[in-house]
Amino acid sequence: MKRVLVALLVGAAVYASLVLPEPDAPAGPDFTGPVERESAASAAASVWYCTWAASGALRDSSAMIAANTAVTASLTLPQQIVGEDPDTGEIKLDTAGAIVLDVGQIVRRGDTPMYVEFDDGPAAVAVVVETDSLLTGDGCLARIPKVWELPGGTTREGRTTTLRLFNPFPELAKVTVSGSSESGQTGLVDLQSIDIPGRTWQDVVLNDLVPLLNDLSLTVTTSEGNVVPSLAVAGSTDEASWPGIAPATYWEFPVATSSPDFAPTLMLANSGTAPVSASIDVYTADGVTADAREVTVDPSIPRRVDLSDLAEGAIGIRVRAAAPVSAVVLAEESPVAVLAEGEGDQQSGDEPLAGDRIAGTIGATAPATTWLLPGLGGVAGAESTVWLLNTGSEAATVVFQPLGVGSLATTKQVVAPGTLLGVPLGYDPAVGGYYLEATAPITVAWSAEEEKGIMFVAGTVVDE
Amino acid sequence: MLALDSTDVGETIARVRAQVYGTARIVVVGSGSAGRQAADGADVEWMSSIPNLLGSIGQSVTHLWLLYAGALPRPDALETLILEAERTDAAVAGSKLVRADDPERLIAVGIATDVFDVPYLGLEEDEIDAGQYDVVRDVAAVGAISMLIRRDLARGVGGPDPKMPPEAAAIDLCQRARLRGARVVVVPSSEVLFPAERFRAESWREWAGRIRAMLKAYSLLTLVWAIPLRLLIGLLEVVVSPFLGRWALFDFLRAWAWNIWHLPSLLRERIAARKGKAFGDAELFRFQMRGSATLSDLGSDIGGRLRSRIDRTEGLNMSSIGSDLRQPAFIVGLLTLVVSMLAVRSLWSSGWPAVGHSLPLPDSGADAIGAYAGGWNPGGFGSVEPLPPLVGLAGVVQWLLFNSPQLAAWALSLVAIIAGIWGTIRLTRAYGIEVVAGWAAGIVLVAGPAAQAIGDRTGVGQLLALGVLPWTLRVAVTRWPRGWFRRLGRVMAMAWVVGLLGLLAPALLVVPVAVLLIRAILEPLTRTSWIPLGVGIVGSALALPILLPWIEVQDLEAYVKAGTVYWTPAVVPLAAVAVAFVSGILSGAGRQLNAILLGGILAAAGAIIARGDDLGLGREAGLSGLAIVSLGTALIVAGVLDSLRLSDIHGWRRLINGVGALGALALLAMTLLPLYNGRGGLPADEFTDPLRFTAAAEGEASASRILLVGPEGTLPGEWRVVRGAAYRVVSAPVPEIWELDLPDPTGPDVALEQVLLDLIDGEQTRAGAALAEFGIRWVVVTGDTPLEAVFNGQLDLVRLGGAKLPTFLVDSDYPVRALASSEEPWIHVGTGYVGEASSGDRVFLAETANTRWGPGPWAQVAWGNEVSAAQGTAEFRPVATRRNEAIAAAGVFGFFFLLSGLARRRR
């Protein structure tokens, strides 16, 4: 009897243990990595990477720092020699304001890519580079994807394209650079595996590697570490520079050209595997020309779109693509003729004309209502213009808050729907940037122009 | 004449009077009134002690001849002693001792000792005296049974130490004489007959006397290595002796305790012994044997037993082996020892592996004891939460074993395995199960499928507790003794054994009572069922104070529910157990059947607990369930295997019993192999090697912390979670066992979580600077985790090439957990900090803020502490109540232990 009872008891207990469910596996992380920051100014600490900067005997650079709150900005300028301590500087803004900092005050040693850390936000940085004969610059970036697209390069006669790979991080970055041109994939054999030691940078003059290409679009991929690339296209005097971007299906360029003196060109690149159709809308002060041009961007063949015949005067454009493409705009005072097939070896002989000013910039992937424009109005000797592009269906009233070292009065402008508005702003030593608030989403960029050069600078969206 | 008792005094005196070399006086010394009466009867003087005798000897006396009562010197014994002593200029001379009942056989010809003053005679057992030793020679010592000593020397060294037993006193006297330049010789031509059985009376007093002799004679330099070695050898003897039929634990403990108790007189004697010495220790070493006499004796005993097996005329047939194995004796003991030593061999050099919930012991046992007894809990960023009792217990063992973490871990694991096997043999004896089956069950207990599951889950405490668990039942079920004192001793024994079980694995505290209750229900009509239950209940209740202060402070419900264990047994061992149980229940009989039934219930109940995550049971409960499964499985194996020898099982039942035995043997075979990983059942180390690089980094590694990130289960001990990703902070270079459990989150935990959230959200790109605030210098990735990508893109974290695990180094002045205002880092030692003393400076401690940190004035800075740097140390002032409770717990344990020991020895 005891055997039976115990057997039943044990059997029941074994059954009970067998039906007890296994605990749920832990849910695991609900993220896959750090949240990738957009290059937008937000109400938090941030780091901005400014690749194309130089301060030496030939060039001067200014870090245009603007913030809509009290911040401390720490500037770090790594050395190109591995292991050398970087040069650093620090600036405090006790209230919302902007400041134009001559990088030469920190160090003068030629090329000086840098990064700027803000302990609070919204805050943003742009860099302006000047010599006696050039003016260039663009906004800095806060976002670091693993794959960068850099369209808009060219190595045709009269233009020099330089790629800068800046590794602001302490660990080595392993980088692969691939290129595409009008001939398809371009064999950048020397750039298939580049090691960029931590806190250094490397410049690659592409004319030396792949000369006489009309259009050159680069893709920079990092397998280890991170880099921030930028591309500079130089003419005989002036140069244009812009940072790397990530492909998108929607782009707005508030400034493709600032005046009829500069021929606008849109450069598109498709790193996908299938052709992508894109439509281009052209905006002027008078209104919009929708679908002014329909283009197809083949994979691995950059598409150059001449915009000069679409409208006169200043124009802004919108690009809508069926699949992600990368895009930049270039405005050239003296465009160098594009070589026809087979002309490469004949040396076209087209010398750049006198007054070879050139500008280029990246676009915005979405309109926004709040913008920070570090440096606007702060480029000494230049005529600055802010470009407001309203692609929406309602008018946008834009409040201009000048940012400087003191309290400055605000002004307002109204941008009609479907129009581009350029607002000239003279140089004001008290102003180092602007904070713009609009009643409807717009995109914003600014330009600075003087006799020696011209530059376009993309505005920085402020996260709301 | 040293009269230890009055026996044979008269005959010895008659022999002295018959000496051809006349004596000036004959004095009987000691033995109180009996000695006095014996002296009066023989018409000689009597004195109470040697010092009195020495004081009464005049200048006319040149030598003193010490003779034991019962010694029968030949007529020329004294003469030859005198002549040879003077010829060789020896101050101390001893006789050759031969057996009184057979004068052809030797007892001793002088005494050699090892460095620990353990005597070694160098004679075969019953060695015949063929004159082979008949040469006067220097020896380490001569026995006081017949010792001639010059009067001036005897007075100079103060005679024999009255606190010592005879043999140790003789060795001590000879050593002290030699230190003063005296020569000690044995004179074989001087023969003294003596009862062999009285020659060597091994007792704890002799052990204690030898230790005292050693402590008196040697220089401090010698004692630095001699004392630890003596302790170690003693422990080994304690472990091995039971297998040779001896029980040495209490003698070992009493010998050392006696010396500690008599420390003041020892110091006085030591000063006197070394005052005016003519030689150093080297002179003593000249006449000592190399190595250890104790180890030689153990080796001889083991060898002798082996030889006796091999030399047996009937050879090694199965019946002779069975005959041996049916006695709890040598073969089983040796097998157990061999298996156990193999099972823990790797722990000797490396201690417990750093993996899961197994981490090495801290550097200092005293620190561990202090931390347990109301000190600082160093888990995570520290807290005042109590540490598990295992930390305190292991600390005590480590402290006793020269503070060696490896040795303590090895010894604990070794003793646990041996005790588990041995305890199972003893427990199953209560069911009439003989030793072979009991031994197999013991192996299954400590290394069976359930024990392996405990090991895989790194339940160190539960693995050790398996060594105690059978004893808790054995103590209870042993025949209820007669007499109130022995019964009290039984309850006390139950209390300390259950207390020990609780110290190792608190959740197991209730198991003995539960098992005894089930046993009583299974056998309700026998008186021997209910008394053990009563003993178990009372003993377990009395054991509770032993767990103070932990049991008072710990939230027991949270303790039982914390963590997760879910046991999924392998199919083959499960089938083997099932076959054994079912066949056992079908074919078993008698008390063996009771063991099988109890085992089945325990195994099934344990399985429910071990898979009871859905019932709200956590890690500790689950591991305890596995321990119960292990015990149940062992009982099934024992019952089924032992049923094979039962003559009342016939026919189909015999067949089924055979099938069950096959199942049990299969289980045994599956059990033995995993034992040989050499880590006592624990998995391989996963952290020591990958974290070793930190020790080679610039500065002191222990001054900084490591942030470990990786999947749950790949991190040591407990972990925290941020957005589903696991992480935890540990001390560099390798975390220690007291860091296993993480206290409830405190200020720094909240701050660190916020830093990680900021990093994940991309709002912070200088992780190094942020982590440096917490003293974190390295981030080590233990497996796939998105946090690796988070740390990848930081401006001040450098990925280290060549590291065994992905590792990031904070790229700044090396972050430390304690930094003085002078910017000098302080080193983490134990649970406190040490640095350069500076009266005006302050030091910031990256530990959870607590007012007990000092020296004062204390201030809270953010979530940390700031204290004065004036003393060069920063420490946590223990919680007095907890410390007192811990002391009381130790006292209670000791009281139970001693009382049970006394009761056990009382006949």
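# Strands, cavities and accessibility

Visitor: Which residue in β24(B) is the bridge partner of B:Arg842?

Guide: In β24(B), B:Arg842 has B:Ser868 as its bridge partner. This is a predicted model, where local features need pLDDT of at least 70, side-chain atom pairs count only at pLDDT 80 or more, and totals for chains, interfaces and linings use all residues. Residues are numbered from 1 along each chain as its sequence is written, chains are lettered from A and ligands numbered from 1 in the order in which they are written, and side-chain values use heavy atoms, with hydrogens and water left out.

Visitor: What makes β21 and β24 of chain B a pair?

Guide: Two strands pair if DSSP finds at least two bridges between them. β21 (842–845) and β24 (864–868) of chain B have four bridges, in the antiparallel sense. They therefore count as a pair. A strand here is a DSSP run of E, at least two residues, and a helix a run of H or I, at least four; both are numbered from the N terminus.

Visitor: What is the order of strands in the open sheet?

Guide: The order is β18-β21-β24-β23 (chain B), with antiparallel pairing. β18 (818–820) and β23 (859–861) are its edge strands, each pairing on one side only. Neighbouring strands are turned by 30° on average, direction ignored. Strands of a sheet pair through backbone hydrogen bonds.

Visitor: Which strands of chain B pair with β17(B)?

Guide: β15 (776–781) pairs with β17 (807–810) in the antiparallel sense, over three bridges. There B:Val779 stands opposite B:Phe808. β16 (797–799) also pairs with β17(B) in the antiparallel sense, over three bridges. Here the partner of B:Leu797 is B:Val810.

Visitor: Why is B:Glu237 counted as buried?

Guide: Buried means under 20% relative accessible area, exposed over 50%, partly exposed in between, with a 1.4 Å probe and protein chains only. B:Glu237 has 11% relative accessibility, so it counts as buried. B:Glu237 lies in helix α8 (220–240) of chain B. Not counting residues up to four places away in sequence, B:Glu237 touches B:Trp207, B:Pro242, B:Ala248, B:Thr294 and B:Leu298. Contact means heavy atoms within 4.5 Å.

Visitor: Why is B:Ile128 called partly exposed?

Guide: The relative accessible area of B:Ile128 is 47%, so the label is partly exposed. B:Ile128 is in the loop between β8 (119–120) and β9 (137–138) of chain B. Leaving aside neighbours within four places in sequence, B:Ile128 is in contact with B:Glu104, B:Arg105 and B:Leu106.

Visitor: What makes a space a cavity?

Guide: On a 1 Å grid over the protein atoms alone, a cavity is a set of points where a 1.4 Å probe fits but cannot get out; lining residues have an atom within 4 Å of a point. Points are joined across faces, edges and corners, and the volume is the space filled by probe spheres set on them. The count comes to eight cavities of 30 Å³ or more.

Visitor: Which residues lie nearest the centre of the largest cavity?

Guide: A:Thr51, A:Trp52, A:Asp138, A:Gly139 and A:Pro243, among 13 lining residues. The volume of the largest cavity is about 110 Å³.

Visitor: How do the lining residues of the second largest cavity divide by class?

Guide: Five are nonpolar, one polar and three charged. Ala, Val, Leu, Ile, Met, Phe, Trp, Tyr, Cys and Pro count as nonpolar, Asp, Glu, Lys and Arg as charged, the others, Gly among them, as polar. The lining includes B:Gly380, B:Arg720 and B:Asp749. β14(B) gives the most, with three residues. The second largest cavity holds about 60 Å³ of space.

Methods:
1 Å grid on protein atoms, 1.4 Å probe; cavity = no way out; pocket = protein on both sides within 12 Å on 5 of 7 lines; lining within 4 Å. Axes fitted to C-alpha atoms, helices over the stretch in contact; angles between N-to-C directions.
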